[in-house]
Amino acid sequence: MPNSSSQKSTATPHHTPCWRPVNSQVSAGGAVRRPTLLMKNERNDDLHRRMSRTMPKGLTMATIAVRARPYLHAIGVFVLVRLTGLVLLAILAGNRHRELFDVLKSWDGDWYLAIAENGYDNVPPRFVDAGGQRTPTTPLAFFPLYPTLIRVVAPITGSDSATAALLVSLIAGCVAAAGILRVARVIDPRPKTGLLLIALWGGAPMAITLSMAYTEALFTALAAWALVGVLERNWLLAGVCTAFAGLVRPSASVLVGTVALAAIVAVFRAGKTWQAMVCAVLSPVGLFGWWGYVAKRTGSLTGWFDIQRQGWFSYFDGGQQTVRFFGDIIDTGNSVMETVTMLLVIAAVVLTILIISARIPWPLWLYGGGTVLMVLVTAGITYSKARFLIPAFPLLIPVARGLANRKRHTMIAATIAYVLFGSWFSAYSLTGWTLAI
């Protein structure tokens with residue numbers, strides 16, 4: 001991890017955070033005293049001021065390099081963690097005589113590639129839903145932004161759709177890492193806390209989907225920067241990112257609610273701020289727009305929800321299926337996949353309580369806790385629950401802060417152990433587990 005004394009940074013001048021810890025102090029035992037929160041931050045950090053006094057005005061690239069350095073570190077940590085996961089996956093896939101490239105585009109990935117290559121109306125008949133059925137509207141269960149990006153990137157790079165899909169996920173993951181770092185420093189100004197948060201997110205169980213032809217990386221990138229917009233009162237950034245996130249996956253409903261509510265609160269507290277009002281209006285456009293399009297195609301206002309219920313058995317049931325699933329696992333302990341999935345969901349509930357009690361900015365715990373709630377109260381393929389938690393990175397903030405307060409060797413050892421376990425479980429879920437993730 002980089003030395004924290006060399007990475008002190010703040011938000012860019014044009015995006016002043018509304019929640020930022022200042023005057024943080026570290027005791028002899030390493031514990032961080034709770035910082036005070038100010039509504040406005042200084043425009044430049046000490047490093048930038050020193051650089052501006054010593055550099056000619058024309059050397060703007062040097063200034064850019066200074067400001068970009070923390071983000072490069074964040075991307076470096078993300079890439080290193082994901083490479084670890086891919087190496088373990090390659091080993092397990094090789095042991096089962098499977099090609100790594102084929103594994104990375106399996107399950108939902110095949111659907112996204114088929115949609116990118118053929119469009120929604122021409123997906124080959126061999127693609128069926130979880131029940132083995134296929135109707136003309138079955139492909140509409142998959143949201144459009146990810147396959148659209150695949151279709152755009154493929155001719156630009158001269159690659160096939162599968163390679164383009166993995167490239168989109170890689171770029172989105174790097175963008176997400178930068179956004180997570182920006183969010184983290186609102187909570188804790190120490191750079192190592194942000195880097196730890198990125199490592200925990202990128203190495204989480206089922207985080208292999210960040211390197212697959214899946215939507216987790218793209219959605220997390222948009223969610224992270226939407227939350228940056230909220231925390232720094234950059235309402236146009238928050239609204240645009242949330243609108244696009246609504247075109248990626250249905251769990252955007254939690255992000256839409258969080259961002260829109262934050263914008264509405266800002267309007268009432270700060271008076272008529274047109275940017276916040278635009279954000280509140282813009283946030284649900286993508287999600288509602290896709291649901292509306294599917295409703296028109298199916299002739300039913302609940303068209304998308306009907307496709308999900310009939311094809312993937314996914315619907316709101318108040319948590320009944322989750323309770324039954326937990327009961328079966330506790331009673332029989334059927335498999336490693338099911339047992340670890342149950343433990344991960346329970347851990348997510350505990351982390352939700354911790355982030356609320358930690359008194360971090362409420363949009364973060366509302367988004368993270370709302371994602372957990374959606375996982376709990378929605379029926380569907382139970383083995384997917386761990387994957388659905390990946391975009392809820394704010395849940396890991398208490399863990400990152402706790403590790404940052406430990407001695408260096410303890411912090412590094414614990415993080416490595418966590419990443420190795422998460423990488424192993426991710427690889428196992430794709431190679432040793434035969435059902436959908």
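Helices (runs of H or I of at least four residues) and strands (runs of E of at least two) are taken from DSSP and numbered from the N terminus. The structure is a predicted model, in which local features need pLDDT of at least 70 and side-chain atom pairs count only at pLDDT 80 or more, while totals for chains, interfaces and linings use all residues. Residues are numbered from 1 along each chain as its sequence is written, and side-chain values use heavy atoms, with hydrogens and water left out.

The secondary structure of the chain amounts to 19 helices and four strands. Of its 437 residues, 53% are buried, where buried means under 20% relative accessible area, exposed over 50% and partly exposed in between, for a 1.4 Å probe and protein chains only. Among the contacts with a separation of 6 or more, 75% join residues 24 or more positions apart, a contact being defined by heavy atoms within 4.5 Å.

The largest nonpolar core holds 119 residues, of which I198, W201 and F393 touch the most other members; such a core is a set of buried Ala, Val, Leu, Ile, Met, Phe, Trp, Tyr and Cys residues joined through side-chain atoms within 4.5 Å. Helix 6 (residues 161–187) contributes the largest share of this core, with 15 residues. When neighbours within four places in sequence are left aside, I198 is in contact with A74, V77, F78, A177, I180 and L181. A93 is 337 residues from L430 in sequence, yet the two lie 8.3 Å apart in space, C-alpha to C-alpha. L430 belongs to helix 19 (residues 408–431) and counts as buried because its relative accessibility is 3%.

Rolling a probe the size of a water molecule over the atoms shows where empty space is left. On a 1 Å grid over the protein atoms alone, a cavity is a set of points where a 1.4 Å probe fits but cannot get out, whereas a pocket is an open set with protein on both sides within 12 Å along at least five of seven lines, and lining residues have an atom within 4 Å of a point. The largest pocket contains about 1200 Å³ of space, a volume being the space filled by probe spheres set on grid points that are joined across faces, edges and corners. Its lining comprises 44 residues, with Q308, W312, S314, R387 and F388 nearest the centre, and divides into 26 nonpolar, 10 polar and eight charged residues. In this division Ala, Val, Leu, Ile, Met, Phe, Trp, Tyr, Cys and Pro count as nonpolar, Asp, Glu, Lys and Arg as charged, and the others, Gly among them, as polar.

Helix 13 provides the largest share of the pocket lining, five residues. The buried residues of helix 13 are G303, W304, I307, Q308, G311 and W312; they lie on the same side of the helix because they cover an arc of only 140 degrees around the axis, as given by the directions from the helix axis to the C-beta atoms. These buried residues pack against helix 4 and helix 12 (285–298). Just after helix 13, F313 adopts a positive phi of about 55 degrees.
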